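Have the sequence handy as you read.

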Amino acid sequence: MELRYISRDTEVNNTVSVKNVTFGDGSFVIIAGPCSVENPEMLKETACHVKAHGAVMLRGGAYKPRTSPYSFQGLKEEGLLYLKQVSDETDLPVVSEVIDPRDVEMVARCVDMFQIGSRNMQNFSLLREVGKTDIPVLLKRGMAATIEDFLMAAEYIAAEGNDRIVLCERGIRTFENYTRNTLDITAVPILKSLCRLPVIVDPSHGTGMRDLILPMSLASMAAGADGVMIEVHPCPENALSDAEQSLSLQAFERIAIRLQQTQECFKDMRKR
Ligand code: PEP
Ligand code: MN
């Protein structure tokens, strides 16, 4: 596997900073927020609550790449404006998905970090386009991507000049269909041994089941991940997308407390 820009041998900084948040410095970053931005009120309520309980970054989809074209596709530009507004009000940097190379410039005006979703991990024109910017990128693993495919996708971005990339393991498709995806925790130490980029885990999409989010977040921490990204909704049963995996504000709070209590034990795992 030829890694030119992201290999462990490159003598460059292994951390990625997004405003006041740093990935890869030994801290455990919690990104939280709704699957989709639904309205400004739910976004603000979620942001304030997760911030009060340990999240340092806000997530929220404005462009939703849904399996069915008839499902809610997101508020698009309007959603981006709500994200920007709530991010300014709460002082939380925001990450949101861009799904089309033509939208990169516009999305860049409202977010602090681009998200490239699983379905677009090998959308090479999109990878190249975000690679031409200097905005950090959260690159999610394709649902059928090997470790090599994943790293090569990161190389596409880095080769354009932008190496501010954080990798996100979010589960892969296997024969197992009890969970939404099979969360590949082994990817964390493997990716960290092969490349210099920070690695986080998304246990929400990785499992699709809210009861598995705490154990898988703890497992991610134990495996050496630099953080997690978790879906939270003020009223999960009414969420317009991913209701089954969204945590209530109270459930998020319990998980954040457990993660904080456990952080010291696994600090060594995140050292390089
Ligand atoms: C998301 O995080 O909003 C998302 C759609 O996840 P994934 O691309 O991993 O399915
Ligand atoms: Mn989701």
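Predicted model: local features only at pLDDT ≥ 70, side-chain atom pairs only at ≥ 80, totals over all residues.

Buried here means under 20% relative accessible area, exposed over 50%, and partly exposed in between (1.4 Å probe, protein chains only). Residues are numbered from 1 along each chain as its sequence is written, and side-chain values use heavy atoms, with hydrogens and water left out.

Now the metal. Cys35 (SG), His205 (NE2), Glu231 (OE) and Asp242 (OD) coordinate the manganese ion (ligand 2) at 2.0 to 2.4 Å; donors are N, O and S atoms within 2.8 Å of the metal (3.2 Å for Na, K and Ca), and with water not among the atoms, sites may look incomplete. Cys35 sits in the loop between S3 and H1, and Asp242 in the loop between S10 and H9, so the pair ties together parts 207 residues apart in sequence. The elements are DSSP runs numbered from the N terminus: helices (H or I, at least four residues) and strands (E, at least two).

| Element | Residues |
|---|---|
| strand S3 | 29-33 |
| helix H1 | 40-52 |
| strand S10 | 227-231 |
| helix H9 | 249-262 |

Next up, Ser220 belongs to helix H8 (residues 213-223). Ser220 counts as buried because its relative accessibility is 0%. Leaving out residues up to four places away in sequence, Ser220 touches Ile185, Val201, Ala225 and Val228, where contact means heavy atoms within 4.5 Å.

Note on methods
Chains lettered and ligands numbered in written order.
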